[in-house]
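Please look over the packing of this model. The notes below concern nonpolar cores and aromatic rings.

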Amino acid sequence: MPLSLVPLSSSLINTLFFFSLLFPTYASTDAERYTACEPFSCGKLTNIGYPFWSNDQPGYCGHPKFKLDCQQDNVTIDIVSHTFQVIDMNQKSKVLTIARLDLLADPCTNDYVNVKLDPEFFNYTSNDDEYTLLYDCGSLGYRSRSANSGGAIGFNCSKDGGLRAAYFVLSTEVVNFNSLGCKNSINVSVLREAVKSDSDVGNVLASGFEVGWSGVNEDECDGCTRSSGRCGYSSSTSGFICLCQNQQSDAEICKQIIAKSPEPTPRVTPAKSQLPPYPPEQSPNAPSMFSSISCLD
């Protein structure tokens, strides 16, 4: 009696179809993610990569604390809910030069906010100095000296329909200006060399200050890039991932697929009957190397 064929259920067919596509889908996704995280440029900043990522890239291309916004060739970054202009980037030494966006166009402000960095990822460098902007002050009574010599750079800000004195002072010297009765102040970091070379407060602030970055799995990223991968970030695990071009990552390092070398062709040894009767370098009539040796009784 012939066996009757039992039709496969639709759920089983769907399951088999899913598994048939499972591995190709992973490979395609991995390659697409690798391509999506290609280094990018914005303005004069070029070849930007992990831990940074642009607003035009998927979130897995960089660390969430290092998202860059590129608008009309201007690059900005948010640190502790405050926006900074990115002036320069040295990815080899892991140093950013940034400036407070709210003070970039004009040192006069009505928003007196002290900005702090996220010490887990960003820290000031030895090229920075701490200064204080003093607002709504009385007259200094004399022409200010250069700020880098311990004095102050004076400037004016509009206030209540008039002009009020303001000063840019080395933070360690603020105590010497208490008599001015300044009503507001802001602490700012600036480049020491910028203060030495320019007496315009706006120019000094626009030169920014340096921050070094760390805490973004630098060692794992180095291993990933050495294996031709690209570094990324997993939001599900809140950790580092290595994006590989054609296959899934393995222990954060792309698998190295090496083509198997063909088996070497075995060397054929001629049969004894085929061996030449004399060494190639010796003719039949040539004296043997033993002919000059005689045995003594």
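The points that follow take the cores, then the ring pairs, then charges over rings.

1. This is a predicted model: local features need pLDDT of at least 70, side-chain atom pairs count only at pLDDT 80 or more, and totals for chains, interfaces and linings use all residues. Residues are numbered from 1 along each chain as its sequence is written, and side-chain values use heavy atoms, with hydrogens and water left out.

2. The largest nonpolar core has 31 residues; F52, L68, I77, L96, I98 and F122 touch the most other members. (A nonpolar core is a set of buried Ala, Val, Leu, Ile, Met, Phe, Trp, Tyr and Cys residues joined through side-chain atoms within 4.5 Å; buried means under 20% relative accessible area, with a 1.4 Å probe and protein chains only.) Apart from it lies another core, of 19 residues, including L103 and F155.

3. The count of aromatic pairs is 10. (Rings of Phe, Tyr and Trp, the last by its six-membered ring, pair if their centres lie within 6.5 Å; planes over 60 degrees apart count as edge-to-face.) F84 and F209 are edge-to-face, because their planes stand at 80 degrees, with centres 6.1 Å apart. They lie 125 residues apart in the chain. F84 is buried at 1%, and F209 at 5%.

4. Y135 and F155 also pair edge-to-face, with ring centres 6.5 Å apart and planes at 90 degrees. Y135 is buried at 2% relative accessibility, F155 at 13%.

5. Ring pairs join F52, F66, F121, F122 and W213 into a cluster.

6. The charged end of R230 sits over the ring of Y34, 4.0 Å from its centre. For R33 over Y60, that distance is 5.4 Å. (The rule: NZ of Lys or CZ of Arg within 6 Å of the ring centre and within 35 degrees of the ring normal.)

Conventions. Buried means under 20% relative accessible area, exposed over 50%, partly exposed in between (1.4 Å probe, protein chains only). Rings of Phe, Tyr and Trp (its six-membered ring) pair if their centres lie within 6.5 Å; planes under 30 degrees apart count as stacked, over 60 as edge-to-face and the rest as tilted. Helices (H or I, at least four residues) and strands (E, at least two) are DSSP runs, numbered from the N terminus.
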